[in-house]
Amino acid sequence: MHKLPKESFIASIVIPTHQYRQRSWMVKECLSALRRQTVSKDSFEVLVINNSPNENKKWETELLEFCDQLNLRILHEPKRGSYAARNLGARCAQGRILAFIDSDCVPKKNWLEMGVESLLKSDPKTVLGGRIIKQGKSNPLNWVERHEKLFTLNQRRNIYRGGFVATANLMIFRKVFFDVGVFDDSLVASGDVEWSFRAQEKGCKLFYSSTSCVYHHVVARFLEIVQRYRRKAGGHYAVKRINPMALEGKQYNGFQAKKILSPKGFFFCAVSRLHFLIKIVQIFELGLCKLGKVRFTN
C-alpha cells in the first residue's frame, strides 16, 4: 500500500509533458489558465512532470518564474510514457483530490471549482470525467483537425459507451486512486481505459460533468494522426491482453460508425475518406500486434 503524504491542498493538478521546447507554448497556455481559476491559488498545487529527463533543464527556471503565482513543482520521470509520469505526480501529490489534465489542455476558469464541487457532493468512489472541447489551430480547420474534432476525446461517449474516463480531464479522491492502484505504465496508450475498468471492478462509478470543462488542442498533420491511431490500436490490443473483459460489449472509440457525408456522397468528403483510411491503418496495426511484429514506444 502506497503511503500517502500529508494533505496540504484541496487538489493536486497533475500535468505530464515531454519535449518541452517544442511544446512550451501549450504548457504555458495551460498554466496561464490555471492562474485564472476561480478558486484560491493557495487551495491547489500544480505538478508538471517532465518525461524527457535528458532535455536541457534551463526551461525549468523560466517556467517557475512564469508561474510565480502558483504552487508549482517540476518533477522528473526517467521512464518514458505519460502513465509513468502521471503515477509519479500522484505519488508526490499533497492534495485531497487528484486532477489529471494534459499539457495541451486549457481549462476553463471554473474547471477546478466545478470538478471539486461535484466530487465533494458525490459518492467518495466517484471517478469524474469532465467535458473536453476540441480546438484546432487552423482557420478554417483543415480536414485532419475536422476529423479529430468529430472522432476524438468525446468524454460523454467515453463514459457512457466506452466505459472509461480519458485522463485529459479526470478527477478522483487521491485515496481512492491508490486503492484502485496506479496506471499501468507498461502501456503507451489506453492506460486510462485499463485503469477505468479496474476502478469499476473495485466499486468506483464513472460520472460525466459537463461543467468541469477543458479545451484540448487536436493534431493537425496527417503523419501525426496516423501515428496516434496506430498507438491507440496497439493500446487497445494490450488492454485486451491484460484484461479480457475490458471493452467487452463496448464500442472501441477508434472504430466509431458516425457517418460524415457530403451532398455528393461518401468519397467526395475528405473527412470520410480519412476516417476510412484510419480504420484500415488500425486493422493493419492490430494484425501486426497479433503476429508479434510490433513493439510500441512513446
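Tutor: Helix α5 (residues 143-151) and helix α9 (residues 222-242) pack at an angle of about 35°, their axes 9 Å apart. Axes here are lines fitted to C-alpha atoms, for helices over the stretch in contact, and angles run from 0 to 180 degrees between N-to-C directions. Helices are DSSP runs of H or I, at least four residues, and strands are runs of E, at least two, numbered from the N terminus. This is a predicted model: local features need pLDDT of at least 70, side-chain atom pairs count only at pLDDT 80 or more, and totals for chains, interfaces and linings use all residues. Residues are numbered from 1 along each chain as its sequence is written, and side-chain values use heavy atoms, leaving out hydrogens and water.

Student: Which residues of α5 and α9 meet?

Tutor: From α5, W143, V144, H147, E148 and F151; from α9, F222, I225, R228 and Y229. Contact means heavy atoms within 4.5 Å.

Student: And how do α5 and α10 pack?

Tutor: Helix α10 (residues 270-290) packs against α5 at about 70°, with axes 9 Å apart. The two are therefore roughly perpendicular (65 to 115 degrees).

Student: What does β6 pair with?

Tutor: Strand β8 (residues 205-217) pairs with β6 in the parallel sense over 9 bridges; I132 stands opposite V214 there. Strand β7 (residues 169-173) runs antiparallel to β6, joined by 2 bridges, and G129 stands opposite L170. Pairing takes at least two DSSP bridges.

How values were computed
Parallel < 35°, antiparallel > 145°, perpendicular 65-115°, else oblique.
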